[in-house]
Amino acid sequence: MKILKGFVKNHYSPKASMIERYITEESIEFCSEYMSKANPIGLPANSWHHRRSTIKCLCGMNIVSKSQLEVLQAHLYILNNIDEVIPYIEAHKAIVKANNPRQVEKWVLMEHNRTFMPWFKDKVLKDSTASKTLTWLATGLKFDVISCKAYKVNNCIFYTKSMDGKSTIQNSSVTIEVESMQFSTSKNTNPVLGLMAYYGFIEEIWEVDYTKFC
């Protein structure tokens, strides 16, 4: 009765309101059950989204030359997100801290970011027991990268902002949550480790080449 009373919107015709709302609810439930079994509409079955599902770079593929600084920044980001590299990152931070005990944490992190890649390369290439993945990562990537306007990863398709401007479907906004040391001021000696969320648009999609890395 409580549900039926909630259906009443016109107090001059309560029975008619109940009947109309009840029929509407039944119709919606029927449609939802029917549509769950039906093929989706709006996106043709032969769309390039499905035909090229096995291809990562979907369109706008070009080989472009980037500056050494830009590519090395991408390389450092990749290294920081590979589980197999994490022990090397922690070991290098400890070495930097031990060699500079009087320096504040912020300086240690900056020095770590500046010197980690050559240290990592030297460390891994001298280790005959290092895995192929570590060896390929330590060797480094090419400065010529593949640039795309649409890319499929983890069954999701992402577009650049310029590509979205030509479509009614917008999928260029991204967010990433990272764990980083947070400083209240440039002279803060007691940073706090916390999560920070960054928001933005995909301006360019890169596919970097580690030669044999997979």
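Colleague: Which residues of the largest nonpolar core touch the most other members?

Modeller: This is a predicted model, in which local features need pLDDT of at least 70 and side-chain atom pairs pLDDT 80 or more, while totals for chains, interfaces and linings use all residues. Residues are numbered from 1 along each chain as its sequence is written, and side-chain values use heavy atoms, without hydrogens and water. A nonpolar core is a set of buried (under 20% relative accessible area, 1.4 Å probe, protein chains only) Ala, Val, Leu, Ile, Met, Phe, Trp, Tyr and Cys residues joined through side-chain atoms within 4.5 Å. Of the 17 residues in the largest one, those with the most contacts to other members are L79, V85, F116, F120, V124 and L134.

Colleague: Which helix gives the most to this core?

Modeller: Helices here are DSSP runs of H or I, at least four residues long, numbered from the N terminus. At least two core residues each come from α4 (68-79), α5 (86-99), α6 (105-125) and α7 (132-139). With four residues, the top contributor is α6.

Colleague: Is R114 buried or exposed?

Modeller: R114 belongs to helix α6. Exposed means over 50% relative accessible area, and partly exposed lies between that and the buried limit of under 20%. Because its relative accessibility is 58%, R114 counts as exposed.

Colleague: What separates the C-alpha atoms of R114 and L76?

Modeller: Along the chain, R114 and L76 are 38 residues apart. Their C-alpha atoms are separated by 9.6 Å.

Colleague: Why does E29 count as partly exposed?

Modeller: E29 lies in helix α2, residues 14-37. E29 counts as partly exposed because its relative accessibility is 39%.
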